[in-house]
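Please keep the model open beside the text.

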Amino acid sequence: MKCQHKTEAGECQSHAMNNEVFCFLHNPKIPLEAKREAQAKGGRNNRAKQPKPLDKVKLDDSKDVVALVAEIINCVREGLMDVKVANCLGFLAGQLLKAVETATFENRMDEIEKKLEEQQQVAEQMKEAARHN
Ligand SMILES: [Zn+2]
């Protein structure tokens, strides 16, 4: 059941507490001090811990990204990095790896196309030379 508290924006969207008509925040039986404490605690718990800025790392190729992911794993295992920060870095590392792989693939394709073109030109020249002989 939904909390019965009405706000200017409409009804409170929170679930009411067990056997109560209001949610924790709107329940008049809960002392204001307890509500404040719970909110402060929630705020603290929701914030990701990042005690000091991390060093900038080289992220030029897939080996760099793999090294970064390995470092993140070790940091989490040793309890040196907040899991939220690690999740964020892990996600971004995945995105970066995809982008790096795509860029590498495109470069390889360009090289192959260039070589193919060169070979075609050589073949044309040989054909031309054979016709004149
Ligand atoms: Zn409520």
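This is a predicted model: local features need pLDDT of at least 70, side-chain atom pairs count only at pLDDT 80 or more; totals for chains, interfaces and linings use all residues.

The crossing in which H2 passes H3 is left-handed.

On the H2 side, the residues that meet H3 are Ser-62, Val-65, Leu-68, Val-69, Ile-72, Cys-75 and Val-76. Their partners in H3 are Val-83, Ala-86, Leu-89, Gly-90, Ala-93, Leu-96, Leu-97, Val-100 and Glu-101. An α-helix has 3.6 residues a turn, so residues three or four places apart point the same way.

## Helix lengths and cover

The 16 residues of H2 should span 22 Å at 1.5 Å a residue, and the end C-alpha atoms of H2 are 23 Å apart, which agrees with that expectation. Helix H3, residues 83–132, has 50 residues and reaches 73 Å from its first C-alpha to its last, close to the 74 Å expected at 1.5 Å a residue.

## Ile-72 and the end of H2

Ile-72 lies in helix H2 and, leaving aside neighbours within four places in sequence, is in contact with Met-81, Ala-86, Leu-89 and Gly-90. The C-alpha atoms of Ile-72 and Ala-93, which are 21 residues apart along the chain, are separated by 10 Å. Is Ile-72 buried, exposed or partly exposed? With 19 other C-beta atoms within 10 Å, Ile-72 is partly exposed, because a residue needs 20 or more to count as buried.

Just after H2, Gly-79 takes a positive phi of about 75°.

## Asn-19 in a loop

Most residues other than glycine have a negative phi. Asn-19, although it is not a glycine, has a positive phi of about 60°. Asn-19 lies in the loop between strand S2, residues 10–11, and helix H1, residues 32–46, and it counts as exposed because it has 6 C-beta neighbours inside 10 Å.

## Domain layout

The protein chain is divided into domain 1, residues 6–46, and domain 2, residues 62–132. The C-alpha centres of domain 1 and domain 2 lie 51 Å apart.

Note on methods:
Residues are numbered from 1 along each chain as its sequence is written. Domain bounds come from an automatic or database domain assignment. Helices (H or I, at least four residues) and strands (E, at least two) are DSSP runs, numbered from the N terminus. The expected span of a helix is 1.5 Å times one less than its number of residues. A residue is buried if 20 or more other C-beta atoms lie within 10 Å of its own, exposed if 12 or fewer, and partly exposed in between; C-beta atoms are placed from the backbone. A crossing is left-handed if the near helix is turned anticlockwise from the far one by less than a right angle, and right-handed if clockwise. Two residues are in contact if their C-beta atoms, placed from the backbone, lie within 7 Å.
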